[in-house]
Amino acid sequence: MDWIAGSLAGLLLISATACAPAAGSSPPAPAAAVESSAAGASSAPTASATPPETDAAPLDPESTPGVTLSGASAPHQQPAYASKALDVLAALPVKGRAPKTGYSRDQFGQAWADVDRNGCDTRNDTLRRDLTAIALKPGTHDCVVLSGVLNDPYTATLINFLRGNTTSAAVQIDHVVALSDAWQKGAQQLSAAQRLSFANDPLNLLAVDGPSNLRKSDGDAATWLPPNKSYRCAYVARQISVKSSYGLWVTQAEHDAMARALGDCPDALAPTSLAAPPAQAAPAPGLVPAQAPVPVPPAPAAAYYANCAAVRAAGAAPIRAGQPGYSSKLDRDGDGVGCE
């Protein structure tokens, strides 16, 4: 009997050892604690996680984040109308990339904060500016975009936007100069309010194809350019304008890539602020198509193009309402996008 009892004790010891976790390991998390990473907007806390956007900003916030910081503005004036992008590039400092130590999305404040205090979050401001044929959600003071059409500058394709848990990620708001890239090229020296301004500046924001935004990640001009080659001049000129406005620098590789991109359009202009059209004071009943984007005051004559051939020669096609040189004569169908 003693040998039977001994054998049973040995078997129990072996079984317990095999089932126990290894030393220093953690027990597996319960299945309910694992969240999905599928792309899509979340209108309420659910099992769906925020889609993997470059800067981890939530899609379609349900509330408008307020601003508690004062002085949320760029540290420098943006380049004047008719400033050539190549001239502005020549004035940017060229330095090595600083360490990414300390970077997080929180360093640039609350995502989509209402910096311009118009009552709308920045994502919806940008959707209203960049989309056409938009429908607005009733009861939101004409802020929240439910649907629209994006003429995507990165891929030169039309994308139908529909706000929803599984559809919103089709159109994302790209930081033309990525926050992480900015952090490594001078933004660490900006104040918290200036970084908040940077993350919500209309000049640095662009509604684009979601997958393209994810592929770009935090790349600069040396590592990523839009696949739509006709937009590269405008894209690089915009990056240059943003970096000039916030006192950021470029690496040598980035400078050279920008110069190459502008080589085909040496007269391309550095754009100025591209603000969203103002929201209406009161909402209209039902789904009301919004008015066409409100154009900014006309630029000086030097910033105009005689025709679409001149726009294409400058690498600025397609040209949108609010961009230097846009005029209604270049936009035959009146959709806010000329020389398509």
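In the predicted model, C120 and C143 are joined by a disulfide, with 1.7 Å between their sulfur atoms. This pair links distant parts of the chain, 23 residues apart: C120 is placed in the loop between helix 2 (85-91) and helix 3 (122-130), and C143 in the loop between strand 1 (131-136) and strand 2 (145-151). The torsion about the S-S bond is -65°, and the link of C120 and C143 is accordingly left-handed. Both C120 and C143 are buried.

A search of the whole structure returned 3 disulfides. Another of these joins C233 to C265, with an S to S distance of 1.8 Å. C233 belongs to helix 7 (residues 232-245), whereas C265 lies in the loop between helix 8 (252-262) and strand 6 (288-289), so the bond ties together parts that are 32 residues apart in sequence. The link of C233 and C265 is left-handed, with -100° about the S-S bond. C233 has a relative accessibility of 7% and therefore counts as buried, and C265 is buried as well, with a relative accessible area of 1%.

A disulfide is also formed by C308 and C339, whose sulfur atoms are 2.1 Å apart. C308 lies in helix 9 (residues 308-313) and C339 in the segment after strand 8 (337-338), so parts that are 31 residues apart in sequence are tied together by this pair. An angle of -85° about the S-S bond makes the link of C308 and C339 left-handed. C339 counts as buried because its relative accessibility is 5%, the cut-off for this class being under 20% relative accessible area. When the bonded cysteines of the chain are numbered in sequence order, the pairing reads 1-2, 3-4, 5-6.

Helix 5 (192-200) was examined next. This helix is mostly covered, 8 of its 9 residues being buried. The buried residues are A193, Q194, R195, L196, S197, F198, A199 and N200. Their packing partners are helix 3, strand 4 (171-175), helix 4 (179-183), strand 5 and helix 7.

Within helix 5, R195 has a relative accessibility of 9% and therefore counts as buried. Leaving aside residues up to four places away in sequence, R195 touches Q107, F108, W183, A187, Q188 and L190. For one of these residues, F108, the C-alpha to C-alpha distance to R195 is 4.9 Å, although the two are 87 residues apart in sequence. The contact with A187 includes an approach of the R195 side chain to the backbone oxygen of A187, at 3.2 Å.

D201 is located in the loop between helix 5 (192-200) and strand 5 (205-209). D201 is buried but has no salt bridge. The nearest side chain of opposite charge is that of R129, at a distance of 7.2 Å, whereas a salt bridge requires a side-chain nitrogen of Lys or Arg within 4 Å of a carboxyl oxygen of Asp or Glu.

Methods. Residues are numbered from 1 along each chain as its sequence is written. This is a predicted model: local features need pLDDT of at least 70, side-chain atom pairs count only at pLDDT 80 or more; totals for chains, interfaces and linings use all residues. Side-chain values use heavy atoms; hydrogens and water are left out. Helices (H or I, at least four residues) and strands (E, at least two) are DSSP runs, numbered from the N terminus. Buried means under 20% relative accessible area, exposed over 50%, partly exposed in between (1.4 Å probe, protein chains only). Lys and Arg count as positive and Asp and Glu as negative; His and the chain ends are not counted. A disulfide is a pair of cysteine sulfur atoms within 2.5 Å. Contact means heavy atoms within 4.5 Å. A polar contact is a pair of N or O atoms within 3.5 Å; within protein, one must be able to donate a hydrogen and the other to accept it, and residues adjacent in sequence count only if both atoms are side-chain atoms.
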